[in-house]
Every structure is written in structure tokens, then in C-alpha cells.
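Open the model in your viewer and keep the selection panel at hand. The stops below say what to pick next.

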Amino acid sequence: MTSATPVETSTTRRLTPTASQVLHALSEHVGREHGITGNDLAYRLRIRMRLLRNVISELRLYGIAVCGTPEAGYYIAATAEELEQTCQFLRARALHSLTLEARLRKLPLPDLIGQLHLRT
């Protein structure tokens, strides 16, 4: 088994079959320089882009370091820096969505964030 091949863990055993397929395909794309576009990955796996995006989110929810940018495509993080860049990208996107919600509700962003209650 090569280092790029996902190791079976309790997490990978709980993945949907499609998520397992995507993870297996991404195991060939470790590191930003080896990224694959969403269109190419979806075509290769014969799935729709919407499903691919949902599966990428599923993998991330399991803590699998799936990175992705419009420039590099999707890939598994090879370094802590790649993972950090993806986390920063996701945070900026989330903040943008919260800003849009605040504007729609005509609330200052800090007030909206203060009203968010996370389930524990």
C-alpha cells in the first residue's frame, strides 16, 4: 500500500460508497501541484458536480484533509500549509455568507453572530 492510498479507518468504513470512490480517486492527487478540477473528477467518476461538492463536504466533515481551489482543483493536503490555506479559504467563504445574511436581516454582523446558537 502506497502512502497516497487511503488507509481503512473507522471513518472510511462509515463513508457512503460514493464518498469512498471520491476519496480513492483523490488519493492519486496529493498536494496542490497534483490537483484535479471538479469537472474532471466528476467526469472520471461519472457523477454530477453537485453530488461531488456534497461528497467533498462529507469527507471534510469526517476530518479528511480535502483541499480545493478554483486554480488548483481538488487534492488531499500534503502539507500543513496546504491545509491551513484551505481552512482560511473556507473561513472567508463562511464569513461572506454571514455578511450576506446580516445585510438581508438588516443587522450588524456582530449582532448576527451574537444571535447564532450552536447546538452542543
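**Stop 1**

Select lysine 106, which is exposed at 74% relative accessibility; exposed means over 50% relative accessible area, buried under 20%, partly exposed in between (1.4 Å probe, protein chains only). This is a predicted model, in which local features need pLDDT of at least 70 and side-chain atom pairs count only at pLDDT 80 or more, while totals for chains, interfaces and linings use all residues. Residues are numbered from 1 along each chain as its sequence is written, and side-chain values use heavy atoms, leaving out hydrogens and water.

Lysine 106 sits in the loop between helix H5 (80-105) and helix H6 (109-115). Helices (H or I, at least four residues) and strands (E, at least two) are DSSP runs, numbered from the N terminus. Phi of lysine 106 is positive, near 60 degrees, and the residue is not glycine.

Next, pick arginine 46, in the loop between H3 and H4. Its phi is also positive, about 60 degrees. Arginine 46 is exposed, at 76% relative accessible area.

**Stop 2: the core**

Now select Val22, Leu26, Leu41, Leu52, Leu59 and Val66. These have the most contacts inside the largest nonpolar core, a set of 19 residues. Such a core joins buried Ala, Val, Leu, Ile, Met, Phe, Trp, Tyr and Cys residues through side-chain atoms within 4.5 Å. Helix H2 (17-26), helix H3 (38-45), helix H4 (49-61) and strand E2 (73-76) each supply at least two core residues. H2 gives the most, with 5.

**Stop 3: the whole chain**

Zoom out. The chain has 6 helices and 2 strands, in the order α-α-α-α-β-β-α-α. Of its 120 residues, 31% are buried.
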